[in-house]
Amino acid sequence: MKPDTVQLGHGGGGRLSRELINMAVVSRFGDGPLRGLPDAATLSANSGEVVFSTDSFVVSPLEFPGGNIGHLAVHGSINDVAVAGGWPRWLSLALILEEGLPFAVLDRVLDAVRDAAAKADVVVATGDTKVVERGKCDGLYINTACIGERVEDWRLDAAAVRPGDVILISGTLGDHGMAIMAARNGMAAGGPVSDCASVYPFVDAALPYAAEVRFMRDPTRGGVAAVLNEMVEGATSAGIEIDETCLPLAPGTQAVADMLGLDPLYAACEGRVLLVCAAGAADAILGAWSKLPGGAQAARLGHVSAEAPLAGLVAALTVTGGRRIVDLPGGEILPRIC
Amino acid sequence: MKYIEGFREPRAARALVEKLRLLGQSSLKDGNGVTFMEVCGSHTMAIARYAIREALPEGVALVSGPGCPVCVTPAGYLDAAIELARQGVIMISFGDMLHVPGSRSSLARARAAGGDIRVVYSALDALQIAAAEPQRECVFLAIGFETTTAPVAGLVPLADERKIGNLSLLTSFKTIPPAMDALIADPELRIDGFMCPAHVSAIIGADAYLPYARQHGIPCVVAGFEPLDILLGIEGLLRQIIEGRAEVENQYSRVVTAGGNRRAQVLFQRLLEPEDALWRGLGVIPASGLRLKKAYSSRDAAVRFGVTIGPGVEHAACCCGDVIKGKLNPAACPLFAKVCTPDDPVGPCMVSAEGSCAAAYKFRDIRQHAY
Ligand code: SF4
C-alpha cells in the first residue's frame, strides 16, 4: 500500500523520490520549462533588465483562513518584485518536507502554488525537493525566488519622497498577521481572513501615474508601521502623519486585534501595496484601485509632513485629536507569520 | 463585532475634548489644578495610545497607578520561577512576564539557556500542556489582579475534574483595593479622584470603591478602556469636583455591576485566602494578596517544590516604585529611554504592555518626544 505521508525515502534520490516528484511537481508544473526535469531553466526575457527577489516561508500553521503556505510562497516573492517595479514572470520553488507530512496537506499546498501562479500569470520554472527527518522542520518550508522584467516607466526611489506627498494603501490593514494569530489561538471562525494575493494588478493600475509615484512597498512583517518608519528614519526635515480615524480595517481583524491587545498597524499584510505619490496623483490612483477586485477599501493613510517636531518620526492623529508616535515595532513575541 | 466602534467615534471624542476644555476653563481658573489617578494599567495604555493627555484641559493631570500586575510582581518571584525552570519544570506564562528582569536573569534568558517556558494567551491552554506531558511537572505563573485571578484560580477545580495531577500554580495574586488604601495613606500623594479599573471592577463590583468616596471624600468613576469611556470618566470626575460631590459613578455599566461577578467571588472564597503581599515599589501591603488555601496546597507550586519567594534584588537606579505610585512621570527616571527601553528593560514598568514606562515609551506624544 502506498504511504499517505512523506517518508525519508522520498528524499533519497531513488524510485520513491521519482514518484514524489512526478506526483507532486510534474503533474502540476511539468508543462513549461520544467518539462523533462532539466537541471536548469532557460528563459527568454524581452527587456534588458530583470528584477530578482527571493524569500523563504516558514509560517505556522501551514493553513490559515484565506490561504496556505503555498499561496504565501508565490505571492511573497512576486509582490517583492512587483513593488520594485518588475513584471513578475518566473518563479523557483524549493520545498523542504518533514518526514511524516501528510500527502493531503502537500497536495493542498501545491495546488495553491499552481493556482496562485496561474492567476498571477507567472511560470514555475525550476525547483527542488528535500526531505528532512521528523522534528527537523515544522511540516513544510518553502523557498521561492521570482524573476521579473523591469517595467521601463517606474522611477522608484525612497529618497524622492518629499513633504506634501500622500501615502496610499490598497486595502485593509493587518489581515494576514491577525489571521495567523487568530488561527494560532483557536479563534479563526468569523475572524480575520488573510489578504494573501498578488499586488501586481494594483501596481499596474498605478503605472499611468508612474511619473508621480515615488515609492512602493508591500507591508509584510512589521506591517505599515515598519514601512513608514523605515521611510523617514534619519530624516531631518520630513516626518509622516497618519490619520488613525480613517484606517481601513476589516471588522474581524479589528476584533481579534482588540482581543489580543495587538495593533493592526504592526500586523503583516500579504496582498497590499503601500504607495507614496505626489498629492495631485492620489485621487486618480485611488480611483483606479477601487475598481479592481479587492480594491474597494483602498484608502489614503496620511501624508509626508515638513512640520519640525515630526522630523524623522511617524505620528498618528488619534480620535481625541491628540497625536502619538508610531514607533518601530519591537522584538515582540509573535508567532512565525510568513 | 461592531459595537466597539461607537466608543472610538472621532467626532464624539473631539466634542468631549472640547467640553472638557470649557469645563476646565470655567472651574479650574485660579491655578487650582486637579490630579486624577488611573489605577489600572490598561487605562494607562489606552490614555497613551489615544494621546488623551495631550487632549486634556490645562489644570487636569492624570497620574498612573499600581494597576499593572507584571510591574508590581517582585524580582524574587521571578527568581523562584527561573529556578524552577532550571530544574526542568515546564513553566507556563502569559507573554509579558518573559522579559521582566529578576535579580539576575529573566525567563526569556532562562528559556534561551534551555528552560522549557511556554507562552499562552489563555489560562486554559495550561490544562492541555499539562495533559500532553503527564510525566512532567507544569507550573503556571499565576500573577494578576482580580480579573486574571478568576480564570487562573479556576484552573484548580478544572485540573481536579480532569485528573491532571501535574499542574500547579506559583501564585502572586494581588487585589486592588488594599493598594488604593495604601496610596491614600501616603502623605506625599494627593489624589483628587480615582479612575477605577474596568475589568477588575467587573469582578469586585463598583461598590468596592464606596469607602474611598464616603470615608475619604475622593470622587471615583469606574470607566471602560475605549477613548470615549476614558474621556467620559474624566468628565465625571471633574463634575464631581466642581459640584463638591464624592461618589462612585459607574460609567462602564455595560460590563460592571454594583455587586460584581458573584461566581468569581464564590470561587475566590472557596479556593483562596488573603495574605500580606510584597508589591514591587510599594512594599508589603497587609492582606493585599491571595494564596491557595491549605486544602489546595498540592496545587501550590511554592509548597510542592519547597521554594520560598524572597524580595529579590532590583536595579538600584530604577524608579519603578515611584512610577507605580504615580509620584514620578516615567520620563523623569534618569534611565528612561536612554538605558531602559522595551528591547532592553531595566525595570518591570518598561516590560509589560500595561507598564507606565512602556506606555510612555511606545506611545510618546509629540510634545514628549524631546526625551
Ligand atoms: S524607565 Fe525603566 S528604570 Fe526607569 S522607572 Fe521605568 S522601568 Fe524603571
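## Cavities and a domain interface in chain B

The second largest cavity lies between domain 1 (4-69 + 177-238) and domain 3 (320-369) of chain B, because both domains give residues to its lining. This is a predicted model, in which local features need pLDDT of at least 70 and side-chain atom pairs count only at pLDDT 80 or more, while totals for chains, interfaces and linings use all residues. Residues are numbered from 1 along each chain as its sequence is written, chains are lettered from A, and side-chain values use heavy atoms, with hydrogens and water left out.

The domain bounds come from an automatic or database domain assignment, which for chain B also gives domain 2 (72-175 + 260-304).

A search of the whole structure finds two cavities of 30 Å³ or more. On a 1 Å grid over the protein atoms alone, a cavity is a set of points where a 1.4 Å probe fits but cannot get out, and its lining residues have an atom within 4 Å of a point. Grid points are joined across faces, edges and corners, and a volume is the space filled by probe spheres set on the points.

| Cavity | Volume | Lining by class |
|---|---|---|
| Largest | about 80 Å³ | 12 nonpolar, one polar, no charged residues |

Of the 13 residues that line the largest cavity, B:C318, B:C320, B:C333, B:C340 and B:C357 lie nearest its centre. The lining of the second largest cavity includes B:G65, B:C68, B:V323, B:C349 and B:S356. Its contributors of two or more residues are β2 (60-67) and α15 (320-324) of chain B; β2(B) gives the most, with three residues. Such helices (H or I, at least four residues) and strands (E, at least two) are DSSP runs, numbered from the N terminus.

The C-alpha centres of domains 1 and 3 of chain B lie 20 Å apart. In contact (heavy atoms within 4.5 Å) are 20 residues of domain 1 of chain B and 15 residues of domain 3 of chain B. The two domains bury about 1,400 Å² between them, 61% of it on carbon and sulfur atoms; this is the accessible area (1.4 Å probe) lost on being put together, summed over both parts. In domain 1 of chain B, B:M45, B:E54 and B:C68 lose the most area to domain 3 of chain B, together 32% of what that side buries.

Two salt bridges are found across this interface, each a side-chain nitrogen of Lys or Arg within 4 Å of a carboxyl oxygen of Asp or Glu. The side chains of B:E188 and B:K327 meet in a salt bridge at 3.1 Å, N to O.

How values were computed. 1 Å grid on protein atoms, 1.4 Å probe; cavity = no way out; pocket = protein on both sides within 12 Å on 5 of 7 lines; lining within 4 Å. Nonpolar A, V, L, I, M, F, W, Y, C, P; charged D, E, K, R; others polar.
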